[in-house]
Amino acid sequence: MGSGWHEWPLMIFTVLGQCVVGGFIVLALALMKGELSREQQRLVVLSMFGLWVLMGLGFIASILHLGSPLRAFNSLNRIGASSLSNEIASGSVFFAVGGIGWLLAVINKLPQALRTVWLVLTMVLGVFFVWMMVRVYNTIDTVPTWYSIWTPMSFFLTMFIGGPLLGYLLLRVAGVDGWAMRLLPVISMLALLVSAIVVVMQGSELATIHSSIQQASALVPAYGSLMAWRLVVLVLALVCWVAPQLKGHQPAVPLLSLAFVLMFVGELIGRGVFYGLHMTVGMAIAS
């Protein structure tokens, strides 16, 4: 029993992966809208480097979970039959297609006609990657705390909470400043509101789930307080992001960086609770 922090490599991998996918979608849409100057487009493409650094850190964390880099290759042995293999494979393809396309775009070897294809394909691969993450946990019917609607909702909500903020940060690094960017904090705020509802509903459901030896509500005794702290940290991240805009200013990059760190910490708390809710394999009963 606990907060799930023993699974910190998976926490980092899943949270970063979902944020990177959301961030890429934001940058890709900005490039595809055609409202940026050629110089701004170049800077936005360069700023994508931040996405691949974070994704690389996420994969390094996942390898630490496996214990050895060689096991990462072994995890690909059952593509199509194993959810874990599908997750690693889909993430690797997203990383490879996104990273190689980015490199070609940086060195001006990616034709304009193919750039849109690359952006759309990478967005689709990213969403598929997040769905494969969900499938790793949401197909285990002997773990009723994961075998529910809350798992896919939580994973995709992280994408909608962290992705817009990460994308906004990188757009600001690229010097982009447009009215459409005001929609991004609204998306994150709405996602956070839905996430808070999910927390309450899942918390009430835990009291109804038990096995012959375990009560789900006892797996993470501090569920309520941990989720409350998560909400506080996420709200602080949004305040750092939104407060300057309410005064008519764009938030500075250092403040946005702080906001992203706070958001990352908040989502790590939530993901730690998720892993802490793992029940032992056995006959599970939902009453």
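In what order do the elements of the protein chain run from the N terminus on? They go α-α-α-α-α-α-α-α-β-α-α-β. That is ten helices and two strands. Both kinds are DSSP runs numbered from the N terminus, with helices being H or I of at least four residues and strands E of at least two.

Some ground rules. This is a predicted model, where local features need pLDDT of at least 70, side-chain atom pairs count only at pLDDT 80 or more, and totals for chains, interfaces and linings use all residues. Residues are numbered from 1 along each chain as its sequence is written, and side-chain values use heavy atoms, with hydrogens and water left out.

Now the chain overall. It has 287 residues, and 51% of them are buried. Buried means under 20% relative accessible area, with a 1.4 Å probe and protein chains only. Contact means heavy atoms within 4.5 Å. Of the contacts with a separation of 6 or more, 79% link residues 24 or more positions apart.

Next, the cores. A nonpolar core is a set of buried Ala, Val, Leu, Ile, Met, Phe, Trp, Tyr and Cys residues joined through side-chain atoms within 4.5 Å. The largest one has 73 residues. Phe24, Met48, Leu51 and Leu171 touch the most other members. Helix H1, residues 8-32, supplies the largest share of this core, 15 residues. Take Met48. Not counting residues up to four places away in sequence, Met48 touches Phe24, Leu27, Ala28, Leu31, Trp102, Trp118 and Leu119. There is also a second, separate core of eleven residues, including Val199, Val220, Leu277 and Met279.

Thr14 counts as buried because its relative accessibility is 0%. Its side chain makes a polar contact of 2.8 Å with the side chain of Arg271. A polar contact is a pair of N or O atoms within 3.5 Å; within protein, one must be able to donate a hydrogen and the other to accept it, and residues adjacent in sequence count only if both atoms are side-chain atoms. Leaving aside neighbours within four places in sequence, Thr14 is in contact with Met133, Tyr137, Arg271 and Tyr275.

Follow Tyr275. It belongs to helix H10. Tyr275 is buried too, because its relative accessibility is 4%. The C-alpha atoms of Tyr275 and Trp146 are 9.0 Å apart, across 129 residues of chain.

Last, the cavities. On a 1 Å grid over the protein atoms alone, a cavity is a set of points where a 1.4 Å probe fits but cannot get out, and lining residues have an atom within 4 Å of a point. Grid points are joined across faces, edges and corners, and the volume is the space filled by probe spheres set on the points. Two cavities reach 30 Å³ or more.

H7, H8, H9 and H10 each supply at least two residues. H7 gives the most, six. The lining splits into nine nonpolar, six polar and three charged. Here Ala, Val, Leu, Ile, Met, Phe, Trp, Tyr, Cys and Pro count as nonpolar, Asp, Glu, Lys and Arg as charged, and the others, Gly among them, as polar.

The second largest cavity is about 40 Å³. Its lining includes Ile161, Ser188 and Trp241. H9 gives the most here, with four residues.

Conventions: On a 1 Å grid over the protein atoms alone, a cavity is a set of points where a 1.4 Å probe fits but cannot get out, and a pocket is an open set with protein on both sides within 12 Å along at least five of seven lines; lining residues have an atom within 4 Å of a point. Buried means under 20% relative accessible area, exposed over 50%, partly exposed in between (1.4 Å probe, protein chains only).
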